[in-house]
Amino acid sequence: MGRFDGRVAIVTGAAQGIGAAIARRLADEGAQVGVIDLTAERAQGTADEIVKAGGAAIAVGADVSKTADVQAAVAAVAGEFGHVDILVNNAGITRDNLLFKMTDEDWDTVVTVNLRSAFLMSRECQKHFVAQKYGKIVSLSSRSARGNRGQANYAASKAGIMGLTSTLAIELGPFGVNVNAVAPGYIATAMTDATAKRVGFAPEDFQKASAEATPVRRVGTPEDIAAVVAFLAADESSFVSGQTIHVNGGADR
Ligand code: NAD
C-alpha cells in the first residue's frame, strides 16, 4: 500500500532537478503522475523512468505561465487518469541581476514563470478539487524569499508564493483542500550549478562553500525536497495548511 494509491498528481517543471525527484517519489508511493514541462519531449524522460519502475505517468508539454497551456495540460491529465488530486507547483527560473542592472524583462519573466504559473495552475486544479472535496497543493518557495543579493525578482516571486499559499489555504480549506509550500535552501541541481558559474565558481566549489555554511554540513538533494513535498501531499498531514516549511539544513541565511 502506497500513501498515494488511487491518487493523481500533477508536477510542473518535472523534466529535471527537484520536480523530477518529486514526480518519481509520488509515483513510487502509488500516484499516477502528469509530468509537465515546457515541451512533452523534455517531460518524457521522467515519465519513462516512472513507467519503467512500474508506475504510471504521462508527459505533457505546457508553458505553465500561459493560461491556455495550463487549461490544456490539466485537461490532458484529468482526461488520461480520470481526476486530479495533487498539484505541485515546482516550475521556476532565475534571471539574476543587481537592481540597477535588472531589466523589465528580467523582472516580468521571473515573476510570471514563478508566481503567475502557481496562480494559474491552482485556479485550474481547484475546479477538480472543490468538486470532489479533496485536493492538495504544494508550491515551491525558496530561502531566497527572505532576501538574496542579485535576486530581487526571484525573491519577490518566492515571497509571493508564501502569500498565495496562506491565502489559498483560507479559501480552499473548507472544501477539503490543503495548501502548503516548501522553501528549499541550497539544492544541488542545474539551477544552482548555473548560479555558481554566473558568480565565477565551479559548481563543486560553490557546493562545498555552501555545505560549510550549513549547520548539517551538506547541501540538499532533490530527494530531500521530494520527501517533504510527499509528506505535505499525503493525508497524514491533513491538519497542516497555509504553511511554508523551510528545508535548508538549518541554513537560514
Ligand atoms: P531546474 O532549473 O533544474 O528545473 C526547473 C524545471 O522547470 C526545468 O525542467 C524547466 O524546463 C521547467 N520550467 C521552467 N519554466 C517553465 C515553464 N514556464 N513551464 C513549464 N516548465 C518550466 O530547477 P530546480 O533547481 O529543480 O528548481 C525547482 C524549483 O525549486 C524552482 O521553483 C526553484 O525556484 C525552486 N528552488 C530551487 C532551489 C535550488 O537550490 N535548486 C532552491 C530553492 C527553490
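## Domain separation and layout

In this predicted model, the centres of domain 1 and domain 2, taken over C-alpha atoms, are separated by 23 Å. Domain 1 is made up of residues 8-185 together with 225-247, while domain 2 covers residues 186-219, and the contact between these two parts draws 11 residues from domain 1 and 7 residues from domain 2.

## The interface between the domains

Between them, domain 1 and domain 2 bury about 630 Å², and carbon and sulfur atoms account for 63% of that area. The size of an interface is often expressed in this way, as the accessible area that is lost when the parts come together.

On the side of domain 1 that touches domain 2, the residues divide by class into 5 nonpolar, 5 polar and 1 charged. A salt bridge joins the side chains of arginine 198 and aspartate 96, with a distance of 2.6 Å from N to O.

## The chain as a whole

The protein chain contains 8 helices and 7 strands. Its radius of gyration is 17 Å, which lies close to the 18 Å given by the globule rule for 253 residues, and the chain is therefore as compact as a globular protein of that length.

Conventions. Residues numbered from 1 in each chain as written. Predicted model: local features only at pLDDT ≥ 70, side-chain atom pairs only at ≥ 80, totals over all residues. Heavy atoms only, no water. Domains from an automatic or database assignment. Contact = heavy atoms within 4.5 Å. Buried area = accessible area lost by both parts, 1.4 Å probe. Salt bridge = Lys/Arg side-chain N within 4 Å of Asp/Glu carboxyl O. Nonpolar A, V, L, I, M, F, W, Y, C, P; charged D, E, K, R; others polar. Helix = DSSP H or I, 4+ residues; strand = E, 2+ residues; numbered from the N terminus. Rg over C-alpha atoms; globule rule 2.2 N^0.38 Å.
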